[in-house]
Amino acid sequence: MVVKAPEQFEHAGQREARLPKHDPRTAQAGDDVIVDLRACSWVRPPAALWCLIFGRLTLASGVPFTLLVPDNIGVATYLQAIGLFDLLKEAGANVDDRGVGKGSQGQIGVPLTKIASERDVEDVTNLALEQLEARQLGAPNRRGTVAEAFAELGMNAVQHSESAVGAFGMIQYYDLGSGPRFACVVADGGVGIMASLERNPALQGKVFYDWDAIAMAMQERVSGTADPTRGIGLYAIAEELRRPKHHLLIHSGIGLVSQSEELEADARRTPLFPGTLAYATLPA
Amino acid sequence: MIELRSFGQRALVTREAARRAVSTLLADQAVLSSIDLDFSGVEAVSPSFVDELLSKLFPAGEHLERVVRFVSPPRRLPNQILAIGRGRKLRIVESPTGDWVVSRVATTDKPRV
């Protein structure tokens with residue numbers, strides 16, 4: 001199976017993405033899977049996370065996985081710098097990245113990093129603050145805000161995802177002409193938000209679609225546990241980012257919710273993300 | 001005054017960190033009616049950390065009268081922290097100096113009719 005990525009690969013839920021319907025979490029051994037990024041003129045962090053999670057789940061199911069590196073050397077170097085190629089190769093993927101330099105870590109607060117426990121979340125968050133300060137990226141109070149967002153997303157992933165391949169996250173600083181911003185993204189290859197919420201007896205039989213589950217999980221005190229005091233994480237993120245120039249995208253299963261500066265959430269059906277991805281961008 | 005920065009982290013963000021903080025820094029404060037936590041030098045405090053911390057300092061089912069003051073928190077009191085207070089029946093307000101002050105919602109208040 002060959003999966004051809006869009007030329008401008010933003011995330012797996014973008015409308016023009018023709019990503020496979022098959023779910024690598026439940027797939028049996030079959031044909032090799034090839035993800036083709038050769039024609040990509042850019043690959044955003046959530047798209048890189050899809051490649052990583054999809055690739056590692058595919059490999060975990062016993063199916064060989066190949067990532068075809070972008071022809072555009074700038075894009076390839078970026079993906080090398082954030083650690084995508086190494087994390088895939090470490091899991092057994094075939095990635096021919098010859099001639100692609102290591103790139104600069106200059107604007108990458110934290111490259112793609114595995115998060116397997118609360119301790120990892122704590123360590124990576126503290127490291128992020130150190131790196132952002134050392135590189136003078138963003139205003140001090142904004143560094144704290146992005147660190148908190150990263151930590152809450154990471155906590156959700158390690159506590160609720162049950163991912164066979166763990167969770168991964170990164171923080172990046174960028175400026176595409178509309179002012180400096182932070183991007184923070186965390187993804188896992190787990191059961192997804194809907195299955196997680198259904199563990200709560202009070203919610204069983206009440207959530208029918210992934211997009212409804214995401215929207216529900218963004219509300220105060222809604223969680224997969226029966227503990228009425230829990231359910232702070234995603235609500236806190238959504239609340240923090242419910243302001244101008246902030247953006248939150250959550251993609252879980254075949255549902256996607258995007259909360260933008262228009263202060264309204266757009267919930268829709270999308271191609272599958274085999275697990276959950278959360279992507280936040282905010283002024284730096 | 002208990003300095004959270006002495007705990008060695010610039011980001012206090014996990015529930016586990018809150019449990020460690022309670023067990024190592026607050027062990028002797030169990031019966032105090034007023035606790036001041038100094039967050040000077042701490043750059044990030046997540047809602048999950050605060051939620052776990054308050055669950056230990058204001059255990060459900062216990063009616064210990066206590067005031068906990070977050071001195072020099074890294075930011076203005078956000079809605080997320082107020083939501084934690086609502087869920088745990090705690091009153092959280094911001095003082096004129098920017099501290100967060102947490103106490104139990106008085107149980108002697110007249111019930112709403």
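**Figure 1. The salt bridge between D51(B) and R88(B) in the predicted model.** The side chains of D51(B) and R88(B) meet in a salt bridge, with N and O 2.8 Å apart; the term denotes a side-chain nitrogen of Lys or Arg within 4 Å of a carboxyl oxygen of Asp or Glu. This pair links distant parts of the chain, since D51(B) lies in helix α2 of chain B and R88(B) in the loop between α3 and β6 of chain B, 37 residues apart. Helices (H or I, at least four residues) and strands (E, at least two) are DSSP runs, numbered from the N terminus. Both D51(B) and R88(B) are buried; buried means under 20% relative accessible area, exposed over 50%, and partly exposed in between (1.4 Å probe, protein chains only). Salt bridges that share partners join E118(A), R15(B), R19(B), D51(B), E52(B), K56(B) and R88(B) into one network. This is a predicted model, in which local features need pLDDT of at least 70 and side-chain atom pairs count only at pLDDT 80 or more, whereas totals for chains, interfaces and linings use all residues. Residues are numbered from 1 along each chain as its sequence is written, chains are lettered from A and ligands numbered from 1 in the order in which they are written, and side-chain values use heavy atoms, with hydrogens and water left out.

**Figure 2. The interface of chain B and chain A.** Chain B and chain A each bring 25 residues to the contact, where contact means heavy atoms within 4.5 Å. The area buried between the two chains is about 2300 Å², and carbon and sulfur atoms give 46% of that area. Buried area is the accessible area (1.4 Å probe) that two parts lose on being put together, summed over both. R10(B), R15(B) and Q80(B) supply 24% of the area that chain B buries against chain A, more than any other three residues. The interface holds 17 residue pairs in polar contact, both residues being at pLDDT 80 or more. A polar contact is a pair of N or O atoms within 3.5 Å; within protein, one must be able to donate a hydrogen and the other to accept it, and residues adjacent in sequence count only if both atoms are side-chain atoms. On the side of chain B that touches chain A, α1 (15-25), β4 (44-45), α2 (47-57) and α3 (79-87) each supply at least two residues. The largest share, six residues, comes from α3(B).

**Figure 3. Salt bridges between the two chains.** Six salt bridges are found across the interface of chain B and chain A. One of the pairs that join the chains is R20(B) with E122(A), the closest N and O atoms being 2.5 Å apart. R20(B) lies in helix α1 of chain B and E122(A) in helix α4 (residues 118-134) of chain A, so the pair joins two chains. E122(A) counts as buried, at 0% relative accessibility. R10(B) forms a salt bridge with E133(A), with 2.8 Å between the closest N and O atoms.

Figure 4. The buried residues of α3(B) are Q80(B), I81(B), A83(B), I84(B) and G85(B). Their cover includes α8 (233-240) of chain A, together with α2, β6 (90-94) and β7 (100-104) of chain B. Just after α3(B), K89(B) takes a positive phi of about 55°.

**Figure 5. The aromatic cluster of chain A.** F9(A), W50(A), F54(A) and F65(A) form one aromatic cluster. Rings of Phe, Tyr and Trp (its six-membered ring) pair if their centres lie within 6.5 Å; planes under 30 degrees apart count as stacked, over 60 as edge-to-face and the rest as tilted. By this rule, seven aromatic pairs are counted over all chains. The rings of W50(A) and F54(A) have centres 4.7 Å apart and planes at 15°, so this pair is stacked. W50(A) and F54(A) are four residues apart in helix α1 (residues 45-60) of chain A and are therefore separated by about one helical turn. Both W50(A) and F54(A) are buried.

Figure 6. R181(A) is placed in strand β9 (residues 181-188) of chain A and is buried, with a relative accessible area of 13%. The C-alpha atoms of R181(A) and T281(A) are separated by 6.7 Å, although these residues are 100 residues apart along the chain. A polar atom of the side chain of R181(A) lies 2.8 Å from the backbone oxygen of K245(A). Beyond four places in sequence, R181(A) touches residues including Y173(A), H246(A) and P283(A).
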